[in-house]
Amino acid sequence: MWILLPLCSLLRVLLVLQGCDASVLLDSSAGNQAEKDAAPNASLRGFEVIDSAKTRLEQACFGVVSCADVLAFAARDALALVGGDAYQVPAGRRDGNVSSAQEAGANLPPPTASASQLTQAFGAKGLSQAEMVALSGAHTVGAARCSSFAPRLYSYGPSGAGQDPSMDPAYLAALAQQCPPQGTGAADPPLPMDPVTPTAFDTNYYANLVARRGLLASDQALLADPATAAQVLAYTNSPATFQTDFVAAMIKMGAIQVLTGTAGTVRTNCRVAS
């Protein structure tokens, strides 16, 4: 689903060093593995949609609209298409030319992150814990590969052979049917983080956490911390509050470490540094 790229890549790229400069769109090149090819970004899809939009923009107004702005606009439009609130996106970002899989791997929170680790990672970019919980709601339309949560199914705990007791047993069994143990040559398919309404931007992500059906350990961790758990519960009771908080956090996030003026460049091809 192409909406996964705009929403999820914005969340991920802003946790690495370059900020909102479309570095996640750059392809790997000789001597450099780009951020999009880092293991945490393996489930990103939809790059061709950004390519198509950029091509049409270049035909209409060459060298004016940056890839960073295209990605921000795409996130806004993707949100509206799946039922999220509309919002205005400030323009004027410029593109960076640095993209590093190593930085992505080192700076993106792992799927096993605790609530405090998530708070620290988002806090390093100037985002509050409350904004982190709101932005995590993007996972209501996200997907994750089996390898990112397989340890919860097969190798949890000190013995390395247990199952995560924080996960609903029926949900765990259903996931195990779709995700065989790793290392058996099995495929590593992406599964929806919200199996109930995977293409709707709603509060089922938070309801799933309350039901102990968070796909990633880092999702379920939001219920283990009293402060974040209170916000999760509040969102299940007030979808409108979630929508408002999410939009505000997206606007703030889209202004983090942007390149403007003469800094950076405007790439004509979002996949290639210029």
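1. Asp 194 is buried, at a relative accessible area of 0%; buried means under 20% relative accessible area, exposed over 50% and partly exposed in between, with a 1.4 Å probe and protein chains only. The model is a predicted one, in which local features need pLDDT of at least 70, side-chain atom pairs count only at pLDDT 80 or more, and totals for chains, interfaces and linings use all residues. Residues are numbered from 1 along each chain as its sequence is written, and side-chain values use heavy atoms, leaving out hydrogens and water.

2. Asp 194 sits in the loop that lies between β2 (190–192) and α9 (204–210). Helices (H or I, at least four residues) and strands (E, at least two) are DSSP runs, numbered from the N terminus.

3. Beyond its neighbours within four places in sequence, Asp 194 is in contact (heavy atoms within 4.5 Å) with His 139, Thr 140, Asp 202, Asn 204, Tyr 205 and Asn 208.

4. The unreviewed UniProt entry places the feature "binding site" at Thr 140, Asp 194, Thr 197 and Asp 202. These positions are spread over 63 residues of sequence but cluster in space, with a largest C-alpha distance of 9.8 Å. Such annotations may be inferred rather than shown by experiment.

5. As for the whole chain, it contains 12 helices and two strands, in the order α-α-α-α-α-α-β-α-α-β-α-α-α-α from the N terminus. Of its 274 residues, 47% count as buried.

6. Among contacts between residues at least 6 apart in sequence, 72% join residues at least 24 apart. The C-alpha trace spans about 55 × 45 × 30 Å along its principal axes.
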